[in-house]
Amino acid sequence: MQHKKINAEHLELNESCHTVEEAAKAVNGAVDEFVKNICMMDDDGRLIVAIVKGEDRASTSRVGKALNIARPRLAEEDEVFKGTGYPAGGVPSFGYDAIFLIDPKVTELEYVYTGGGSIHSLVKIKVSELMQANQGMVARVRK
């Protein structure tokens, strides 16, 4: 697999970024600049990542409709780690094998903060760069 250079800023922080609220406080940012990566599993064991704005919730039924599959289930913490290589709460929006779905509200932003690989790190990235990095499909996946 060919790796391309991703133009993003990796931020290591002293405080936890496990929740969007904690992350916003840590970088003195607004909650609406953050995305959450909600990991789900389909019936075939494939990892699906629904990327929604920090204040939104992902809908498993909308994800199922967007992919034309049975409604997926939320991934367990061990499945998140096995599928992404990162702990829940630190999962980035790119960089591992998954089906990525990006909510349209995310695409309205110029840049976002996403998980940086641990609960003490974040990545600040332009949305256009993020979409290129994960080859995600834009679909309404928020509740």
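Is tyrosine 96 buried or exposed? I looked this up first: tyrosine 96 is buried, at a relative accessible area of 12% (buried is under 20%, exposed over 50%, partly exposed in between, with a 1.4 Å probe and protein chains only).

A note on my source: this is a predicted model, where local features need pLDDT of at least 70 and side-chain atom pairs pLDDT 80 or more, while totals for chains, interfaces and linings use all residues. Residues are numbered from 1 along each chain as its sequence is written, and side-chain values use heavy atoms, leaving out hydrogens and water.

**Rings**

I found four aromatic pairs (Phe, Tyr or six-membered Trp rings with centres within 6.5 Å; planes under 30 degrees apart are stacked, over 60 edge-to-face, the rest tilted) in the structure. One of them joins tyrosine 96 and phenylalanine 100, tilted at 55° between the planes and 5.3 Å centre to centre. Phenylalanine 100 is buried too, with 6% relative accessibility.

I also noted an aromatic cluster of Phe34, Tyr111 and Tyr113. Lysine 124 lies over the face of tyrosine 111, 4.3 Å from the ring centre (NZ of Lys or CZ of Arg within 6 Å of the centre and within 35 degrees of the ring normal).

**Sheet**

Next I traced an open, antiparallel sheet of three strands, ordered β1-β7-β6 (strands are DSSP E runs of at least two residues, helices H or I runs of at least four, numbered from the N terminus; pairing takes at least two DSSP bridges). Its edge strands are β1 (8-12) and β6 (111-115). Five bridges join β1 to β7, residues 121-126, and I saw histidine 10 opposite valine 123 in β7.
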